[in-house]
Amino acid sequence: MLTKEQWRKDYLRHGSEVTVWGEKQYDGIAHAVDCGDLLLIPVCQADWPPMWLETCAAHMAAWRSEARDAYPNDPPHVSVPSVALWLALHYLPLPRLLWMIYPAGDLSEPVGHLGFRLDREKWPVCELDGILGNPAKRGSGLMSSAFRHITDLVQPDTWVVFPKPGNEAAKRFYSRLGFVPDTEGWNRYAGTCERWVWHDPQRDQNGAQRASGALPGLVGDMLEGVWTDHKNGDERCPACWPHYPVKCACGGLVHAEYGDDTDNGYWLAKHCDKCGLDAKEEC
Ligand SMILES: CC(C)(COP(=O)(O)OP(=O)(O)OC[C@H]1O[C@@H](n2cnc3c(N)ncnc32)[C@H](O)[C@@H]1OP(=O)(O)O)[C@@H](O)C(=O)NCCC(=O)NCCS
Ligand SMILES: [Zn+2]
Ligand SMILES: [Zn+2]
């Protein structure tokens, strides 16, 4: 059982550096958010406490085995080690945040997890991501509450989600939160999933603040520098997949972006900023 005391003890023993995105180092516990009725703890690639990522992987493996229809390929074979590997290789390196959600004052068992990713929509439109409740804790209202808190933290203009047509529980959950089906916007999962959107009711008033393109407050701190375009000629390009860009034979730099889709698995799209070479590679 992961208690707050245990967490802090391990935290102190193992130092305070965790990787949320690529090589950037962040202090995960410092970014835990106390929302009153619940506590949000970021799921981080961490050297400390070793049990944290393992704990997350164990929860996720259990929940994902029960929600195969909603997340069939994430990862394709569900076990604790495969989920841990998938988190490290395919999930955490993306510009995204995922929070484990705990009821206030009780770190024994999370309610679920919820987060967002920035790479497939154009901010301030933002994809809600990792929407998965602990089957033992369904119907508490806490997933809805987590959605509201995360909306306050992230402050997108619009949320986008892609439920499967038959996923009535998820669609009921979204519509209760104010989402509506959207047949106009681009649906990357056309034929497999529906596209649903939520618009900030105050987006006219909040629009000016978002025009800067900056992510707000704590979320901005955690993902600082991540959400920028590729920088031609910059060997430390902030928008590139970890370990990119690499030198091209032409002398330019090959930049890389990661992608996934339900049918075609995982891939890296590569682009040279000098000769224009374009390649897509499965990974
Ligand atoms: C989508 C999902 C996260 C919703 O979780 P949830 O536990 O139903 O969400 P909540 O905690 O907000 O609980 C809401 C339910 O509790 C009830 N409830 C009880 N007290 C409540 C309260 N104070 N506030 C809101 N709802 C409350 C609601 O009536 C609702 O029940 P209903 O769906 O039968 O109408 C969950 O169904 C899930 O994990 N599904 C599998 C994965 C999945 O499909 N993900 C989405 C992929 S697109
Ligand atoms: Zn780049
Ligand atoms: Zn080149």
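Biologist: Which residues around ligand 1 come nearest?
Modeller: This is a predicted model: local features need pLDDT of at least 70, side-chain atom pairs count only at pLDDT 80 or more, and totals for chains, interfaces and linings use all residues. Residues are numbered from 1 along each chain as its sequence is written, chains are lettered from A and ligands numbered from 1 in the order in which they are written. Around ligand 1 sit 20 residues (each has its C-beta atom, placed from the backbone, within 6 Å of the ligand). The ones that come nearest are Ala70, Gly133, Gly139, Gly141 and Ser144.

Biologist: Which element gives the largest share of the shell around ligand 1?
Modeller: Three elements each supply at least two residues: β8 (125–133), α4 (142–154) and α5 (168–177). (Helices, H or I with at least four residues, and strands, E with at least two, are DSSP runs numbered from the N terminus.) The largest share is four residues, and it comes from α5.

Biologist: Which strands stand at the edges of the open sheet?
Modeller: Its eight strands run β3-β4-β6-β7-β8-β9-β11-β10, with mixed pairing (two strands pair if DSSP finds at least two bridges between them). Each edge strand has a single partner, so one of its sides is left without a neighbour in the sheet. Those edge strands are β3 (33–34) and β10 (180–181).

Biologist: What is the bridge partner of Glu127 in β9?
Modeller: β8 pairs with β9 (residues 158–161) in the parallel sense, over three bridges. In β9, Glu127 has as its bridge partner Val160.

Biologist: Is Gln155 buried or exposed?
Modeller: You'll find Gln155 in the loop between α4 and β9, and its phi is positive, about 50°, although it is not a glycine. A residue is buried with 20 or more other C-beta atoms within 10 Å of its own, exposed with 12 or fewer, and partly exposed in between, with C-beta atoms placed from the backbone. Gln155 has 20 such neighbours, so it counts as buried.

Biologist: What is omega for the cis peptide bond joining Asp74 and Pro75?
Modeller: Pro75 lies in the loop between α2 (50–66) and α3 (80–91). Tyr244 to Pro245 is a cis bond as well, with omega near 0°. For Asp74 and Pro75, omega is about -10°.
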